[in-house]
Amino acid sequence: MQLDSSGLVVLSREECFHLLASAAIGRIVFTDRALPAVQPVNFCLDGDSIVIRTAIGSKLAAATRQAVVAFEADEFDPEMRTGWSVTTVGHARAVRDPTELARLAALPLEPWAPGSRDHYIVVRAEQISGRRITEAPASTDGPRRDPER
């Protein structure tokens, strides 16, 4: 087991994809009018690519055409203080090929937002990394006191 400088477990590429496949929601990071933007999206994996459905005229659809984007998904248990995070970076592309569109439409990817979501964005995970925290660190603060006492 490899640990990073913070003591978090470094995940393998395979573990990262396995965890991504288990997540329902992720966040895509893109550039909107020269500023960073983050949007939560539901998604599906297709091999080593992330597939997102959006509206054709959406800000996300316009901003991700052939752009480098980041994508992140995670899961945390605040009580146990355990969890994982996976981040990918890659080029986003709009799908226009009718054969590929038909194949992607058959994936288990149902949009959560209302309205037509028939524009597909595919992000190939060119870089992927992940970390897991497996146990809560021991508290060094001691018992907390109520400031009113």
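The model is predicted, so local features need pLDDT of at least 70 and side-chain atom pairs count only at pLDDT 80 or more, while totals for chains, interfaces and linings use all residues. Residues are numbered from 1 along each chain as its sequence is written, and side-chain values use heavy atoms, with hydrogens and water left out.

Side chains of opposite charge can pair when their charged atoms come close. Here a salt bridge is a side-chain nitrogen of Lys or Arg within 4 Å of a carboxyl oxygen of Asp or Glu. By this rule the structure has 10 salt bridges. One of them joins Asp-4 and Arg-131, with 3.0 Å from N to O. Asp-4 lies in the segment before strand 1 (9-10) and Arg-131 in strand 9 (residues 127-133), so this pair ties together parts that are 127 residues apart in sequence. Helices (H or I, at least four residues) and strands (E, at least two) are DSSP runs, numbered from the N terminus. Because its relative accessibility is 30%, Arg-131 counts as partly exposed; the scale sets buried at under 20% relative accessible area, exposed at over 50% and partly exposed in between, with a 1.4 Å probe and protein chains only.

A further salt bridge is formed by the side chains of Arg-103 and Asp-46, at 2.9 Å from N to O. This pair links distant parts of the chain, with Arg-103 in helix 3 (residues 98-105) and Asp-46 in strand 4, 57 residues apart. Both ends are partly exposed: Arg-103 has a relative accessibility of 40%, and Asp-46 has a relative accessible area of 22%.

Arg-53 and Asp-118 also meet in a salt bridge, at 3.1 Å from N to O. Arg-53 belongs to strand 5 and Asp-118 to the loop between helix 3 and strand 8 (119-124), and the two are 65 residues apart. The two ends fall in separate classes, for Arg-53 counts as buried at 16% relative accessibility, whereas Asp-118 is exposed with a relative accessible area of 54%. Elsewhere, Arg-13, Asp-48 and Arg-124 are linked in a network of salt bridges.

The structure also holds 1 aromatic pair. Phe-43 and Phe-71 form it in an edge-to-face arrangement, 4.8 Å centre to centre and with 70° between the planes. For such a pair, rings of Phe, Tyr and Trp (its six-membered ring) must have centres within 6.5 Å; planes under 30 degrees apart count as stacked, over 60 as edge-to-face and the rest as tilted. Phe-43 and Phe-71 are both buried.

A disulfide requires a pair of cysteine sulfur atoms within 2.5 Å, and the count comes to 0 disulfides. For Cys-16, the nearest cysteine sulfur is that of Cys-44, 18 Å away. Cys-16 is buried, with a relative accessible area of 1%, and Cys-44 is buried at 10%.

The largest pocket is lined by 16 residues, and Gln-39, Pro-40, Val-41, Arg-53 and Ala-113 lie nearest its centre. On a 1 Å grid over the protein atoms alone, a pocket is an open set of points where a 1.4 Å probe fits, with protein on both sides within 12 Å along at least five of seven lines; lining residues have an atom within 4 Å of a point. Strand 3 (35-42) supplies the largest share of the lining, 4 residues.
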